[in-house]
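Biologist: Please take one part of this model and describe it closely, with the cut-offs for the terms you use. I would like the surface and the strands beside it treated in turn, and then the backbone.

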Amino acid sequence: MSDKPAFTFGVLFSQTGLMSVTEQAHLKGIILAVEEINSKGGVNGRLFEPIILDARSDEEEYARLTIDLLLKQNVNVIFGSCLSSCRKRVLPIIERFNGVLFYPSVYEGFEYSPNVIYGGATPNQMIIPLLDYLVKAERRKYYLLGSDTLFARETNRIVSEFLEESTGSVLGSAYVPLDTPVEGYKSVIRNALKFEPDVLLSTFVGNENKKFYDSCFEDELAGPALKIVSLTMTESELSAIQEEGRAGHLTAAAYFGTEEDTLNQEFLERYRAKFGEDQIPGVYAQTTYAQVKLLARAMEFTYSDSSEDILTALSGLELMAPGGKISLDPETNHTHLRCVIGESRKDGSFEIKWKSRDVIQPDPYLTGYDRILMAKRE
Amino acid sequence: MANGKSELFDRSILRALRESQALVIHPDDEDGVALTRHLNRVGCSARRMWPAPDTLPEGVKVVLFLLSPEVGEQNYDWMSAETDVARIAIISYETPEILSRLAKLSTHSVLTKPIRLFGILAAVTNAVQMSKHVGRLNRRIRLLDETLKGRRKIENAVQALMKERGVNEEEAYRLLRDKAMKNRISVVALAEAYLLAHGI
């Protein structure tokens with residue numbers, strides 16, 4: 001056993017509240033990576049010791065626990081948050097005390113902090129390839145429906161802009177406040193269907209997904225001609241909805257549990273051994289798993305746990321993750337990711353329908369995308 | 001909201017940014033480098049200079065300039081001549097002296113030191129929109145000014161014509177307008193020529 005002090009860090013996800021289904025998935029990836037690292041004796045002889053706290057899907061709780069971790073527990077590194085409102089609440093605290101935040105969720109972009117390592121996809125990595133795929137499959141009439149979040153509004157802005165320049169069109173959009181009771185969903189969905197869209201683009205988050213998909217199914221609202229398409233419906237959310245309503249929806253994500261590479265087979269095996277044979281990892285668990293591994297790699301180089309040293313060592317790092325290689329973009333602290341489109345199945349997994357040929361460079365401020373659109377018009 | 005279209009945002013704001021050359025006038029230190037890098041990150045094409053140049057380099061549409069008593073007096077006189085440039089001051093003091101210089105240089109936005117990356121994008125887009133708005137207002141004022149001056153000349157010419165020909169106001173104006181049309185010049189130009197010829 002090593003006599004060096006353990007490396008402690010914060011893990012801040014919601015184990016309760018409306019983001020619990022999603023953020024419990026995040027937590028599983030962390031637990032698995034930490035176990036793996038510690039089984040090999042830790043990093044340079046130091047074991048990884050996560051301090052796991054429940055942020056209860058509440059941004060004020062997020063803020064309070066972040067301050068507690070940075071000031072009282074003296075950690076430099078925190079893995080955490082999913083909703084953008086929570087990240088925005090935590091970000092100034094992380095910057096003020098010069099911590100490092102590993103953010104593992106797909107989000108709307110337009111942010112950069114030298115103190116944040118962004119592990120989730122930006123819109124150019126997911127929404128643009130997804131729309132390309134859909135338009136090529138002759139799906140042109142979109143209705144945009146989602147939780148009333150920053151993510152939904154910015155995603156829909158980009159969707160509208162993209163469709164305006166292509167042959168598709170947006171018929172309308174609606175935002176449902178977080179925590180709306182399930183009855184409220186039905187009227188919103190019925191209203192959307194009056195427009196006869198051939199895609200319902202969903203930006204519902206966390207446990208709100210269940211209310212949306214179950215409502216669609218129960219009322220037989222969504223016929224076979226309609227596709228429900230999302231960036232936030234992953235394995236964890238899918239297994240929470242009614243079994244009969246699970247099949248046939250599309251999701252774009254950087255990873256699905258059904259990836260066939262060897263590394264993923266090993267990952268799957270360990271994941272199931274740890275969390276149960278019926279469990280399927282999704283992009284949230286894969287991302288936190290990979291981010292903990294990236295941190296370990298960085299600390300191998302630096303022998304230090306100061307924020308500056310860790311951030312410097314992380315810059316430009318590459319990693320073979322389950323599903324394929326990822327790397328950190330030194331200019332934006334975002335991650336090069338592939339886009340994978342999967343169709344959901346009744347057993348809670350996704351059949352992979354399409355994959356980007358290579359990783360896609362993160363473009364959080366859509367600088368490249370704007371140039372492409374401008375070039376198209378000239 | 002029922003209709004997606006109504007909440008579409010004004011895309012020209014970001015597009016304008018992509019087409020803007022930005023100049024950072026700031027010493028080569030942590031703030032100067034971080035600011036320039038972040039401007040490029042958000043999609044401006046930005047470079048840094050120090051000390052301040054005597055004239056504004058060609059093509060620059062956004063200037064972010066350090067205004068600080070600590071770094072010595074910089075020459076920002078050229079700024080008063082550049083009407084279409086978005087001006088963002090970088091300040092580390094809020095002293096009356098700095099506040100009055102901000103007003104004199106008609107800055108559109110302010111960034112504070114130490115530089116924090118959050119807020120730079122908003123400061124730049126805001127300054128670009130403000131300078132465009134002010135530019136549009138100025139052009140409109142110039143146009144209205146000329147129109148007003150012209151109207152006065154036409155009025156004087158009409159008065160003179162009424163006396164000379166013994167016609168009423170309407171008739172005098174019609175005479176001026178017909179002649180201007182025949183000669184293919186503006187009514188103002190004809191009125192000017194008429195007044196000049198009659199030593200008025």
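Modeller: A nonpolar surface patch of about 240 Å² is formed by Ile67(A), Leu71(A) and Phe97(A). Patch members have over 30% relative accessible area and no salt bridge, with like charges joined within 9 Å and nonpolar side chains (Val, Leu, Ile, Met, Phe, Trp, Tyr) within 5 Å. A salt bridge here is a side-chain nitrogen of Lys or Arg within 4 Å of a carboxyl oxygen of Asp or Glu. Accessible areas come from the Shrake-Rupley method with a 1.4 Å probe, and for residues only the protein chains shown count as cover.

This is a predicted model, in which local features need pLDDT of at least 70 and side-chain atom pairs count only at pLDDT 80 or more, while totals for chains, interfaces and linings use all residues. Residues are numbered from 1 along each chain as its sequence is written, chains are lettered from A and ligands numbered from 1 in the order in which they are written, and side-chain values use heavy atoms, leaving out hydrogens and water.

Ile67(A) belongs to helix 2 (residues 59-72) of chain A; helices (H or I, at least four residues) and strands (E, at least two) are DSSP runs numbered from the N terminus. Its relative accessibility is 36%, so Ile67(A) counts as partly exposed, the class between buried (under 20%) and exposed (over 50%), with a 1.4 Å probe and protein chains only.

Strand 1 (residues 7-13) of chain A is largely enclosed by the rest of the structure, because six of its seven residues are buried. Strand 1 of chain A pairs in the parallel sense with strand 2 (residues 48-54) of chain A over seven bridges, where pairing requires that DSSP finds at least two bridges. Within this pair, Gly10(A) is opposite Ile51(A). From strand 1 of chain A the chain passes through helix 1 (residues 20-39) of chain A to strand 2 of chain A, a right-handed β-α-β crossover; right-handed means that, with the strands pointing away from the viewer, the path from the first strand over the helix to the second runs clockwise. Strand 1 of chain A also runs parallel to strand 3 (residues 77-80) of chain A, joined by three bridges, and Val11(A) has Phe79(A) as its bridge partner there.

Now the backbone. Most residues other than glycine have a negative phi. Arg56(A), in the loop between strand 2 and helix 2 of chain A, has a positive phi near 55°. Arg56(A) is partly exposed, at 46% relative accessible area.
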